[in-house]
Each structure stands twice: as C-alpha cells, then as structure tokens.
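Here are some notes for someone opening this entry for the first time. Please read them with the model on screen.

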Amino acid sequence: MALPSRTSVVIVGGGIAGCSIAYHLTKIGVTDVILLERRQLTCGTTWHAAGLVGQLRATRNLTELAKYTAELYRSLEAETGQATGFKQNGSVSVAKTHARFEELKRGASMGKTFGLDINVLTPGEIKERWPLLRVDDIVGGVFLSKDGQTNPIDTANALAKGAKMRGARIFENTKVTSIRLERGRATGVDTAEGFIAADTVVLAAGMWSHALGAAAGVAVPLHAAEHFYIVTEPIAGLPPNLPVLRVQDECAYYKEDAGKLLMGCFEPVAKPWGMAGIPEDFCFDTLPADYDHFEPILADATRRVPALADAGIQLFFNGPESFTPDDRYYIGETPEVRDLFVASGFNSVGIAASGGAGKVVAQWILDRKPPVDLCDVDIRRVMPFQSNRRYLRDRTVETLGLLYAMHWPYYQYTTARGARRSPLHDRLIAAGACMGETAGWERPMWYGRPGSAPAYEYSYGRQNWFEACREECLAVRDAVALFDQTSFAKFLVQGADACRILNRMSTANVDVPLDRIVYTQWLNERGGIEADLTITRIGAQEFMVVTSAICQTRDLAWLKRQVATVEGAHCTVTDVTAGISMLGVMGPLSRALLEQLSGADLSNAAHPFGYSREIDIGYARVRASRITYVGELGWELYLSAEFCGEVYERLLEAGAPFGLRHAGYHAMAACRVEKGYRHWSHDIADEDTPLEAGLGFTVDWQKTDGFIGRDPLLAQRAKGVLPKRLVQVMVANDSATAPLLYHEEPLLRDGVIVGSIKSGAWGHRLGKSLGLAYAHASGGVTREWLESGTWEVEVACERHAAHVQLAPWYDPKNERIKC
C-alpha cells in the first residue's frame, strides 16, 4: 500500500497508546487516520509490559478512564475477533506496616467515592485469596474485584484491528524523521518515504517522543529506565484465577502467567537508560541482565512466596520503560504548537491507562478541547527546562521507585533539585528553611531554627513540622510574617488592545482605574475555569497577570492563544517571572512595618484593599499590592530581582521589633484553607464553574462585550439552584483526635456519599482539621440542605462527624483583611 500524501490525523507510534487513539478516533467517526510505526507494532515498550490493569487512580476522572479501559479490554475480542488475554481476576495489595495499611485504607475510602468495588482484608483473608503468600508479618490489605490483567501485544493488535476495520490505515517500517510546522501549527510529518500532510499530528512515540518533540520545539520530558521482571517455570497447582498481587513494601508485583508466575519490581534506585540515544535498529530489544541489581528484590520475593525458591526461572527480563519527572503521563495539545497532540510517558501504567487515554485524546482532537478535567496529565503542566537531559536522567533514578514507595502527603523529590531558585534561596536556608519543590522552584515549606538543617519526617498524621507551621500561622494572625512568593508566575500584557483582550477573557471587568487589582477567572466556552489569577492595571495599556507557579505554562499558552485569535491585535505578552521577585508581608502589623520602612501612607483611605502602588523600600522601587492569600491584612511586594536581597535585609531588620517571622508554604496552605481560598487544580479546574465554586462575586454580568463562557453561566444562574457546590468542611473531633484531610476523602450526608474533599489542612488559627469539598444534590446544594443533614467525612475507612457550611470558617466577613 502506497503511503498517502494527506490525511486528517497522523499518529506517530504504534504502541498501545497510538493504537488506542486510532481505534477511538474511528469509533467517533474520524476515519481518515494514518498510524506510522518505525518498525513493528508494539516493538518499543508495549510488547514487554506486564499487562496489569488496575483501576484506582489519584483522581476521579483518571479512575473513570482506568475503569473504562477494563471495560474496553473485556469487549475487544468480541468486537474484533482478536484475542486479548484479558481476565478480570482482581488484585490484592498488602501492607507490612501500619503506615502502608493506612495508605491502603485511605485509598479504599477514596475508591468508594469513585464507585469502585474495594474491600479491606485481614491477613487471613489475604491468605485465602493468595494461598502461596506468606502473611505472618502482614498487617492487612485491600482487594479490588474489577482489576485484572491482559496480554499487551494481543490487546494492542486488537485495538489496531478495530481501527483498521473502520478505515484507519497502519504503516509499519515507516520512520517519522520530523514534524513539519508552519506559523505555529503542525502541518504533517516527514518520513523516509515522503511528506504526509495532516490537520492533526499525534506524538505517541513512547521513549522516542522526547527527541521528536524537541526537534519541533516542544517539551516532552521523559526518560527511559530499565525495568526488571522474571518468569518462572510452570508451577504445579498454580490457580489460573490468582489475583494480581502487589507487595509495595518489597517493591514487587506478581501475576499468574499461563501456569507460571511473573514477578517484577519498581526498585527505589532505578537505572536510567538511553542517555546516549536509542539504537536505530531497536525492535523488540531487551537490555542486558543485571542480577546483582535485581537480587535484593528476588531475595525478598522468595521469602514472601516460598514457591519461588523451588521454581526454576524461565526468563530473566530487562527492558526500557519511559518515565516522566512527576510519574504522570502526558496527553493533550502541546502549548508550543497548535494541532500537535501528545500521548506519551506512561510510567509503566500504559496498558492500564491507554484505553481511557485513547478515548479522551480522540475526543479532544475532534472537539479541540478536553472532554473532562485532565489537568493531572495535561502536557501543559510541563516546564520547558524539564526537557533537559541531565535533569531527566537524575530524576528518573527516583521516579521509577516512587510507583511503589509510600505515597506520603507533602512528599518532596530528592533528585534533580535546585533547578530554579529565588534570589533569597541561600539566605532562607540559613534562616532555617526546609525547601520543597514546585514546578522546579525551590520554595521554603517551613522553617526550623536558624542555622539548622530541617528535614521531613513523613507520616499520615502530624508531621514533624506541625508545630513550626503552627507558630508561623500564629505570626500571620498576631504579628507579621514574611513569605517568599517569587515562584508565582507573572506576565506583562501590553498594547492598545490589551485591555479589550483581557476583558474578553476575564469574568471580572479589568477596564479599571490605574493601580487597581482584579481577582478573576478565565473560562472556557463551557464556563469551566481555565485559570484563577489576579490582573493589575499598571498603565493605560499595560497589565500584570499573576498566577500560581504550577500554572505558568498552561496560563501563558491560554493567554497567547487568545491574543492570537484577534486578527491584527496590538498586544504583546511577556513572561517576566524570572525577573521579578515577590515577597508577601502578611499580618496585622504589616501596615506599620511597611509604613516605617517606606514612609508611605498605607492607611485604608490612602491604600485600600485591592489596590497597588509603587513605594520605596531601601534603595528599591517596589510595587506594593494590597491583597492576600492567607486571610490577613497584608501586601505583596513586586520588585526587580536584583533588589530582592537588599529589600529582604531591610524587612528583617525593621521587622524584628514587630515580631516578624519567616513563613513557608505549609503555613500559606493552612491559612488559605481556613479562609476558603481556592487553589486551581485542587478545588477548581476546567469542569468547575465560578458559580459552583462560590466565585460568582468575580463575575461582571453587565460587561458590554461579555466574556468567554458567559452564556453557560447565564443558563446555570437561570436555573436558580446548583446541584454541585464547593463547601467548607470542619471535622468535629477535638484537636487531639481529629484526622488530617488531604484529598478525595468521602463526604457523607445522612450516611450517603455526596462528595469528596478537594483540599485539606490543619487550621492552626482555629485549631481544627478543615477541608474544601464539592457536595452534590439533585435538588440543589442549598444552605437549608446543608443544615438539615448529618455530616461525616471518611478517613482510612473510619467515619468522623463533621460540620459543613458555605461560608469560610475564618473571618467570613473579611474584616481582618480590610481593617
């Protein structure tokens, strides 16, 4: 078959992800699809995958995609006639420690909100389901009945066959040499056989995606690592329906495989591979055995499953798998290039993820917008520097093992650190800062004693920084605290059309007087929140946009694309994040401190809340914005980075009599949860509207030209009641026994799950365990409905009484921030 010169969609890569995208595109009517594979289908990493199909993921939507994957694999053979080897034999995960058991039980509670059939098991019940397992040192476990396993090659071939049955064309031994671009759009691909023009290009090339993306100016940060497993000789009497087994405390997984046992691992210190490039002729290749590396895992395994000691090893396998810096895969349209989509970096869960990922990517291609909230895996979360090969190599040493490591709250990576630093980095460490990482930034999470070297001691309870955070929060409440917020992303939007474009994007009116700060959302056409940020008018034709560090790439891409839709727009966008430092001075004594330092009048009359102005501190000209993310009187100071050290020194010196204290991001998070301030990606995202999120006050319904997403909001408002709303949750237990809330704990009304926690923290100013959650009610989430129910929150399979309301628990009338 001759290679066509044009197609609607060209998919680069014939692994299970590419085959799934082709299958799902044809299923929704996009049949002009070409899939190009450099060698043979599945020959990269798909062919040697273990084939585990687990369903519980970190979020509802990712779990729904995994559930869909299992349903799809169960039906593929009947649809296509191609056997897949899929069986739904369930999975058992066991815990050797009480901490791991709490993690499993927290996952079980979370799974209930997602509709999963999940049961907590005693050691005896585990032994019944897995007779070969030694359980004398096992604390407990969980069983997921709908998990299973499949044959990766057969399943990928079934997807490919299904795609071809509906018109897709698949070309093997056709290497894509480059992605062709024109005016910021992908227009097709170059191959050894010629150019193929396409309306859409999909990069699903696994460990080759990094290089292909980089050549097109796109960051696809992933790196291969060696992945090991063994397959035994046949074991007499091995039950064919044996559940998949995970012993994460020993880094191991087990599955029955045609009368044999397959045991693989995700060891804590991995072996990156491919630093010198991938061999040109790579096709179903294996990597050299490393018995010494695998031996500690195997020794534990033979103690855990004694039958392994007597069974011969038929196969010792080592092959590459792709890993990303945060252990989450990439899908979606790239922020750098329009019409170029990615589905890569599956971190050894590609078999379990590809069914659902293929479905949503196909729909995304058709509609040119994500069908559900996919921010956890959206390629737009990537920072450009993360494509650095050394960074990826260093991080991959850690990320493979994190799949089975304890998933501690607030875990901080230990590898590839120090990439992005505030000008105050070394001074904050000298002041006792314990640094964490966000979007590559080193940020102070909490402070120990000056000169100390504080480090995390992880747990699901109160971690070792709990008291330090409490002291920081009380300084915010009673005196003044200093936050280094330099990592916040900052964009300058300038030009004659800047105001018009921003006003069209924003729910609030940004055509305001000079120096006014506007808190607003940017919405998509469905009314969902794409961004949550502030915009300050700093000139007649100049605005400063400030957003969170994690949203830098995403929000910048959204902004630039909106500008690009205005033909002939006189508007420029400049990312000034690296050049502008940001210090938060927060607390009731912040006004007196800053007035003393600057000589400026910062009274309510001279500088009311929501306004910004330039003041002098030391030798620097500083923009002081009166706004807060902690719920107290305070100012955010924006200044050119070269002046940051000098201003910091003056703040410390002048602040000492006021009781100024350094404060970190744990304190900020605790304060913002007390105040009910939303956080994009946790509490709000592109499926949530401002009305559902309690942010209707930002909406200017009367703006002459309206705003993107206005019509869906008007329709929602006209209905009068909202079946989904963000609520504030307080655990009723006393402070000594209240559990900490983190994410996706079930929220129950009268014994029925009606929602889940999105953000949680201990509120030190209130002395309570708090959370923000979405509650759902078909008749509407109203104050009366909230007050008439009996509320509970479930943590690690235990229910705790709770109070629920719409208003924030701390300073609901905003008296403290406007004093």
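How are α2 and α9 oriented to each other, roughly parallel or roughly perpendicular? The points below start there; note that this is a predicted model.

1. Helix α2 (residues 60-80) and helix α9 (residues 350-367) have axes that come within 7 Å and cross at roughly 100°. Angles of 65 to 115 degrees count as roughly perpendicular, and α2 and α9 are therefore roughly perpendicular to each other. On the α2 side the contact is made by L65, A66, Y68, T69, L72 and Y73. On the α9 side I351, A352, A353, S354, G355, G356, K359 and V360 take part. Sorted by class, the contact of α2 with α9 has nine nonpolar residues, four polar and one charged.

2. Two residues of that contact, Y68 of α2 and K359 of α9, also form a charge-over-ring arrangement: the charged end of K359 sits over the ring of Y68, 4.4 Å from its centre. Elsewhere, K724 lies over the face of Y774, at 4.8 Å from the ring centre.

3. The count of aromatic pairs comes to 30. Y253 and Y404 form an edge-to-face pair, 6.5 Å centre to centre with 85° between the planes. The pair links distant parts of the chain, 151 residues apart: Y253 is in strand β14 (residues 252-257), and Y404 is in the loop between α10 (389-402) and α11 (425-430). Both Y253 and Y404 are buried.

4. One aromatic cluster is formed by W408, Y410, Y411, Y413, W446, Y456, Y458, Y460, W465 and Y742.

5. How many residues of helix α17 (residues 665-675) are buried? Ten of its eleven are, and the helix is mostly covered. The buried residues are Y665, H666, A667, M668, A670, C671, R672, V673, E674 and K675. What covers them includes the helix α12 (466-478) and the strands β21 (441-447), β22 (481-484), β33 (724-731), β35 (752-763) and β36 (768-776). After α17 comes G676, whose phi is positive, near 75°.

6. Is R183 buried or exposed? R183 is exposed, with a relative accessible area of 85%; the cut-off for exposed is over 50%. R183 lies in the loop between β9 (176-182) and β10 (185-191). The C-alpha atoms of R183 and V337 are separated by 9.0 Å, although these residues are 154 residues apart along the chain.

Note on methods:
Residues numbered from 1 in each chain as written. Predicted model: local features only at pLDDT ≥ 70, side-chain atom pairs only at ≥ 80, totals over all residues. Heavy atoms only, no water. Axes fitted to C-alpha atoms, helices over the stretch in contact; angles between N-to-C directions. Helix = DSSP H or I, 4+ residues; strand = E, 2+ residues; numbered from the N terminus. Parallel < 35°, antiparallel > 145°, perpendicular 65-115°, else oblique. Contact = heavy atoms within 4.5 Å. Nonpolar A, V, L, I, M, F, W, Y, C, P; charged D, E, K, R; others polar. Phe/Tyr/Trp six-rings, centres within 6.5 Å; stacked < 30°, edge-to-face > 60°. Buried < 20%, exposed > 50% of the residue type's maximum accessible area, 1.4 Å probe, protein only. Lys NZ or Arg CZ within 6 Å of the ring centre and 35° of its normal.
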